[in-house]
Amino acid sequence: MALRPVLRTCAVTTLAAALTAATAFPAIASPIVPPSAPDPARNAVGQQVASEVKGEEQQTLAVDGIDPEALQPADQDAMPSADPSARTSGTPAPEPSAEPTVGPSAGPSVEPSVEPSVAAESGQPTPQAAGTRSARVSQASVVSLASAVKAAPGKGRPTGQERDVVPVPEGIAAKATAETDAETAPEARELAGTALPAEDTEQVAALTAPAETIDFIVAGVTWEVQDADEVTEVSVRVREDGTWTDWSSLEIHDGDERPGADRTGTEPLVSTGADAVQARVSTVSGEVPKGLQVDIINPGVADTDGKLNPAPAGAPETGEPTADHASATASSTAEFVPAMHQQDGLITGTATGQTVATSADVLKPAIVTRAQWGANESVVQDWGRPSTRLKALYIHHTAGSNNYTKAGAYAQIRGIFTYHAVNLQWGDIGYQFLVDKFGTIYQGRRGSIDAPVPGAQAGGFNTDTIGVSAMGNYDVVAAPAAMVTAIERVLAWQAYRYDVDPKGTTRLTQSGKGTARWSSGTTVTVPTILGHKVTNFTACPGRYLDAQIPTIRRKVDAAVKAAVDQHGDVPSTPPPGEVRAEKQQWSRGRLSVWWTRPAGVVDQYEVMRRTAPAGTSDYGAWTTVKWIDASKYTSGIFDVEPGTTAHFAVRAHNAGGTSELITVATHTHVSVQAPGNVRPSKQQWSNGQLSVWWTRPARVDRYEVMRRSAPAGTSDYGAWTTVSWLDASKQTSGRFAVDQGTTAQFAVRAHNAGGTSELITVATHTRANPVPGRVNAVKKKWVNDKLSIWWTRPAGVERYEVLRRVAPAGTTKYGGWHAVKWVDASKYTSGTFAVNQGTTAQFAVRAHNSNGHSPLTVVATHTRANPVPGRVSAVKKKWVNDKLSIWWTRPAGVERYEVLRRVAPAGTTKYGGWHAVKWVDASKYTSGTFAVNQGTTAQFAVRAHNSNGHSPLTVVATHTRLAR
């Protein structure tokens with residue numbers, strides 16, 4: 001398995017077992033710190049915005065399986081599992097949190113008592129004690145995942161608790177099956193009776209060797225979404241300041257966070273600065289997921305990082321993209337095609353309509369906006385229908401480094417944003433808000449300041465919820481007071497704004513798989529302010545921050561009550577007024593409809609349709625056909641089936657309710673008789689194109705022109721393909737291309753609303769294909785012991801023949817030309833070729849088509865010298881079964897090795913002369929096994945040979961065998 005670099009976060013918990021690095025790198029990562037900043041720029045409303053982000057870079061490392069270099073040698077002791085208490089720097093374990101009473105739910109009800117208090121009150125171990133033990137093994141080590149299977153009902157996923165280190169026998173390098181862990185994670189005990197069978201364990205599918213990378217602060221692992229159910233555990237470690245971190249188990253996503261995405265993966269690991277990475281992936285089958293790769297992100301630096309003043313309370317959200325809408329007064333000949341949301345029922349990050357009264361923002365804190373931390377809005381993608389209410393507020397942690405600076409916090413957010421939006425294809429950052437350890441609050445998802453836009457922060461429960469993420473890992477340290485206060489301020493603002501009881505409970509219904517604990521459609525009762533782990537398989541927001549949630553609820557509740565006492569309840573948004581019909585237009589088989597914008601706040605329009613057979617009033621039920629963003633459009637384009645009458649009606653929606661349904665258009669699509677057949681009129685070849693005319697049949701609206709082609713001189717026609725649609729009110733002719741060397745037939749059929757005529761051939765034309773022109777050399781390039789050559793594309797070419805002739809280096813004694821490759825001219829005008837050492841090679845190209853070929857053109861000449869090979873170096877030796885095995889390095893240019901030996905009596909240096917003992921094929925081996933007589937000391941030396949000579953002699957091993 002190899003890593004192939006190609007230049008282009010919520011629960012992470014440190015595993016108790018630290019695998020020793022198989023390779024040590026001398027380089028030291030430099031933390032990403034921006035220089036001092038000049039005065040920041042300001043946007044159109046006077047707010048400070050980020051300066052240009054510089055140095056942004058990404059890297060992808062493809063993962064193919066288990067790299068043998070990543071496994072520890074058989075005689076190397078594995079590091080003992082780490083003591084979790086040591087990592088907390090003496091921070092005491094938190095007191096169990098007391099959650100509000102969780103009531104039963106109707107239907108498929110669940111009572112999710114999943115806070116830490118359950119394990120503590122039952123006398124069972126707290127999370128930090130689960131699955132920890134000391135281990136010394138003499139084989140390569142991987143992490144036991146059986147406890148993760150037990151902890152994740154129906155998932156086979158880890159929950160972020162520490163796992164045991166178990167040995168893997170030396171002979172199993174391709175696949176490794178984890179042993180059953182004796183400990184059961186707290187989540188498994190809390191959900192008793194739902195764990196998978198003990199034998200349902202996953203297998204290690206991929207383990208990379210440590211790989212040097214670009215400097216980065218964000219790393220994650222992704223794969224194709226079709227294998228989402230295969231992956232059961234992903235762990236990553238990185239090198240920071242020359243030292244490897246412990247392994248971190250990353251939360252796994254199932255691909256439901258963004259409908260239509262073709263990739264999924266883990267939450268990212270966030271560092272303060274790293275320059276190397278190693279990854280391990282386990283799957284149910286032990287097979288490598290398709291498209292498995294490690295994604296590395298350097299989010300760059302901006303001069304303004306950490307130096308901008310947050311936007312004050314009451315400031316509008318800025319940086320939102322806008323879209324122009326087609327004019328409602330378009331002429332009758334213009335085709336009106338407004339952009340529409342096509343994904344009814346999905347979620348979006350672009351709702352900008354005001355959803356509450358201004359007084360709802362009396363608790364709004366100062367926030368660093370997306371424009372200030374440097375969000376790249378060009379990569380943001382809309383998710384469809386926005387949500388209109390808020391029921392629960394999640395607390396997360398990014399589970400990354402706790403050692404970041406104020407400037408580094410900006411960069412971390414950009415890195416998480418890029419990974420979520422681009423690498424996981426979520427279209428935006430998953431969290432609505434983030435808070436750093438200094439108490440700074442940041443806007444996350446676009447639109448989150450103005451509305452409760454859903455994100456991708458609680459898989460399966462993203463609708464009607466938001467997430468506030470604490471930047472850092474609070475499973476190992478306590479959250480700073482400034483951070484906790486900032487979290488309380490965000491939650492109080494949102495709870496007051498959207499009338500959420502901070503100490504109450506609410507009912508949420510799981511949608512999709514995500515990382516949620518239940519199946520899609522299950523309704524559960526949960527606290528309105530809750531940690532991520534309540535509903536999902538994760539340790540997020542970390543045990544120390546999780547223990548503070550009851551206190552956070554109390555303080556948020558007090559702040560909301562104080563706001564109510566001082567300002568009163570937040571005024572509810574009244575439902576919008578009714579729309580009114582404006583106009584309609586039938587064009588090219590579709591109905592465009594316009595309506596007025598009603599009074600009040602409107603978030604979106606729901607367009608409904610009912611139909612009846614033409615000439616009757618037997619209408620069916622109203623059905624929703626489209627949701628439309630009210631901030632952009634008051635119109636839409638709709639289909640009406642032939643032979644039917646359709647009514648279209650619209651109602652307006654906002655957070656306060658829905659307006660009455662108002663009919664805005666009625667249209668009858670009358671059935672008509674299909675048009676007659678066309679007849680050919682004439683054809684004319686001129687200026688490289690064929691002009692074709694045909695007759696006009698009755699009742700025609702438009703013509704479909706189709707073409708099929710065959711090689712010139714044959715009748716091997718391919719399938720008919722459409723080449724043009726023509727307006728029958730304007731044309732009965734067209735001009736069309738015919739490729740050289742082909743015979744083309746053109747046929748036409750007439751269309752109207754009633755149907756289509758027969759396909760009638762109206763023209764046939766053959767265009768000869770002359771011999772192609774001569775190629776010319778463009779450039780050449782010698783890379784990785786191969787010669788890449790480019791040449792021009794002459795007219796009429798179908799394929800290229802590349803020939804080579806060779807002479808000894810330094811001479812012109814060329815042999816004959818020999819064809820080395822045929823190249824498809826429709827795809828390439830280049831090729832890459834080998835040149836043997838000690839030779840000069842000339843390459844020539846001639847262009848071919850069915851009529852012949854061009855003259856031969858020499859396009860490149862290259863000489864490759866054949867130097868004496870370099871010197872070998874000793875690698876290691878090993879005495880086994882009375883034989884000495886020796887390994888050495890492979891120098892450049894070597895063809896074979898000569899191994900020599902000299903001998904002295906044991907305990908002396910009275911060596912005799914060197915004598916050759918073996919010749920070794922350098923294409924196969926860089927090692928050998930040799931005898932040493934009793935009572936002697938033997939030295940072994942190696943020199944590398946090729947046809948030009950040999951390297952100096954290098955002593956690679958000395959061994960003394962005492963007489964018995």
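Start by selecting residues 896-905, strand β50, together with residues 936-946, strand β53: the two pair in the antiparallel sense over 10 bridges. (Strands are DSSP runs of E, at least two residues, numbered from the N terminus, and two strands pair if DSSP finds at least two bridges between them.) Zoom in on L900, which stands opposite A941 in β53.

A quick word before moving on: this is a predicted model, where local features need pLDDT of at least 70, side-chain atom pairs count only at pLDDT 80 or more, and totals for chains, interfaces and linings use all residues. Residues are numbered from 1 along each chain as its sequence is written, and side-chain values use heavy atoms, with hydrogens and water left out.

Next, pick F736 and F746, a stacked aromatic pair with 5.2 Å centre to centre and 25° between the planes. (Rings of Phe, Tyr and Trp, the last by its six-membered ring, pair if their centres lie within 6.5 Å; planes under 30 degrees apart count as stacked, over 60 as edge-to-face and the rest as tilted.) F736 lies in β36 and F746 in β37, so the pair ties together parts that are 10 residues apart in sequence.

Last stop: charges over rings (NZ of Lys or CZ of Arg within 6 Å of the ring centre and within 35 degrees of the ring normal). Select R805, whose charged end sits over the ring of Y814, 4.5 Å from its centre. Then try K876, over the face of W887 at 4.8 Å from the ring centre.

Conventions
Helix = DSSP H or I, 4+ residues; strand = E, 2+ residues; numbered from the N terminus.
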